[in-house]
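Please read it alongside the sequence and the structure.

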Amino acid sequence: MTDEASSRLPELAVDTIAALATSPGVGAIALVRMSGPEAFEVLRALTPGEDDPAPRTATLRSLTKGEGGDLLDRALVTSFPRPESYTGEDMVEISCHGGWLVPRMILDACVATGARLAEPGEFTRRAVLHGKMDLVQAEAVLDLIEGRSKAQHDAALFQVERGLSRRIGELREQLVTVEAYLAHHIDFPEEDEAPVTVDRVADAADALRDALEELLETAPEGELLREGAVTVLAGPPNSGKSSLYNALLGEERAIVTDIPGTTRDALEAVISIGGFPFRLVDTAGLRDSDDQVEELGVEVARRYLDRADLVLFCVESQADLGSAELEFLTGLGDVPTVLLRTKVDLTPRDRVSGPLTSEGLAAEGLDDGHRVNAADVRESVDLSVVDGTGLGRLKEILPELVYGGLVRTGTSVPALTRARQSEAVQKARDQVVAFIEALEEGTPVAVASALLRPAETALEELLGLISTDEILDRVFREFCIGK
Ligand SMILES: Nc1nc2c(ncn2[C@@H]2O[C@H](COP(=O)(O)OP(=O)(O)OP(=O)(O)O)[C@@H](O)[C@H]2O)c(=O)[nH]1
Ligand SMILES: [Mg+2]
């Protein structure tokens, strides 16, 4: 690390922080945790006359508000002397009774005797500052806490275990190798037998660019894995959208009636399908309406459609696909769409049309002058929520449509899950590309080499090897207090 970089390192913390680590509210047990040089002192103040508990051993203690103070609770206390703690500092964990009162009173007592309330993510931030984990691992800790599907859990755990960090570390090594080749080349420019030719430098840079691009390709799916793919149920009124929404949720969340125009507002829920997260949105049936409320609902539906990652377009299997439906599909552009022919239990078998995709629609002569070719209808499924037809198949194809790469490789692969991460890798990639172009244009090698430096900085900042308060603030802003 350069002197300039180390001078930009944030100051290590010297004060002692305290926070409730469990979520506030009624519960059997709550955990109050402290970290910092005064943590053991504060514990002594709360347990006057008692010995320090043996390190890393849960010990029952009466907690009072200082010498002669009121009893707050009898609780299990564990101390973790530095550096073998989550933050790398002296830490105390107090497992007390849960609820609104006890944890609050213990926390107040900690603050009254020398600690201060922690900022969001401050424990993990300290862990990063003390080299207990890098920034990418810290982000994975947040993903692990917030995860709602098996795939996200597996992916987050893999990153917490340094999966992504290791990959970024390897890329940085690769970059350093290119720089070393360069240095070598610059030292022997005139010799025919120069140990490293420009071609060799260029080959190494090409390989690095490819590796950076390969990692960048994981970003779209990685980010969806964290947010859940926005999956919008759309279609004409009464086509069975809300019924399907309920069937996928496994509960009667949306109102279902045989009156067209039942759903007005958009309903949203995160569900896990095949272990992958989907942000399922039920919307108002699309039609021109004189009813002001319904019209607003249609507007909301259109707004969701604008940011959809996937559209489930419901059309009754008895109904023909008319020009309005085709126009709608075309309007979706390149959003992947599944065409659902609903209520097949009501349609005689021989009247059910076969699977329809963009190609299928064109083949059937339904594409109305090729307009539907602009849409991206990937699959079509015949569906009934009454007898369950098609539900299994729908659940099978959804993960493949949105998370195809991860479905195939499994989730234990390095994947970029945040804008911060993809921005950094993108920056590194752009710099390497600029370097390669400079070499091709015959720019003196010594001049071109300056282009690689920002790439290295980008990867180091990504891992937090160089971290400024600004970078740390950006990462930890999203954390909850006590983590
Ligand atoms: N037989 C049968 N009826 C269904 C099926 N799915 C939905 N229905 C019925 O179709 C009617 C409309 O269903 P909804 O789910 O409310 O349709 P929607 O698309 O949400 O309608 P809007 O909210 O008005 O746009 C209700 O009477 C449902 O019971 C199905 O698979 N089979
Ligand atoms: Mg509805």
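The C-alpha centres of domain 1 and domain 2 lie 40 Å apart. The protein chain is assigned domain 1 (3–133), domain 2 (140–218 + 416–463) and domain 3 (227–409), with bounds that come from an automatic or database domain assignment. This is a predicted model, in which local features need pLDDT of at least 70 and side-chain atom pairs count only at pLDDT 80 or more, while totals for chains, interfaces and linings use all residues. Residues are numbered from 1 along each chain as its sequence is written, and chains are lettered from A and ligands numbered from 1 in the order in which they are written.

Two open sheets are described here, using helices (H or I, at least four residues) and strands (E, at least two) taken as DSSP runs numbered from the N terminus; two strands pair if DSSP finds at least two bridges between them.

| Sheet order | Strands | Pairing |
|---|---|---|
| 3-4-5-2-1-6 | six strands | mixed |
| 8-9-7-10-11-12 | six strands | mixed |

In the sheet with the order 3-4-5-2-1-6, strand 3 (59–64) and strand 6 (116–117) stand at the edges with a single partner strand each, so one side of each is left without a neighbour in the sheet. Strand 2 (residues 25–35) and strand 5 (residues 91–99) run antiparallel and are joined by eight bridges, and Leu31 has Ser95 in strand 5 as its bridge partner.

In the sheet with the order 8-9-7-10-11-12, the edges are taken by strand 8 (267–273) and strand 12, each with a single partner strand, so one side of each is left without a neighbour in the sheet. Strand 11 (residues 336–342) pairs with strand 12 in the parallel sense over six bridges, and Leu340 stands opposite Val381 in strand 12.

Val381, placed in strand 12 (residues 376–382), counts as buried because it has 21 C-beta neighbours inside 10 Å (buried means 20 or more other C-beta atoms within 10 Å, exposed 12 or fewer, partly exposed in between, with C-beta atoms placed from the backbone). The C-alpha atoms of Val381 and Val338, 43 residues apart along the chain, are separated by 7.5 Å. Leaving aside residues up to four places away in sequence, Val381 touches Val338, Leu340, Gly390, Arg393 and Leu394, where contact means C-beta atoms, placed from the backbone, within 7 Å.

Ligand 1 is surrounded by 23 residues, the closest being Gly240, Ser242, Ser243, Thr263 and Gly285; a residue is near a molecule if its C-beta atom, placed from the backbone, lies within 6 Å of it. Helix 10 (residues 241–249) gives the most to this shell, with three residues.

Methods. Contact = placed C-beta atoms within 7 Å.
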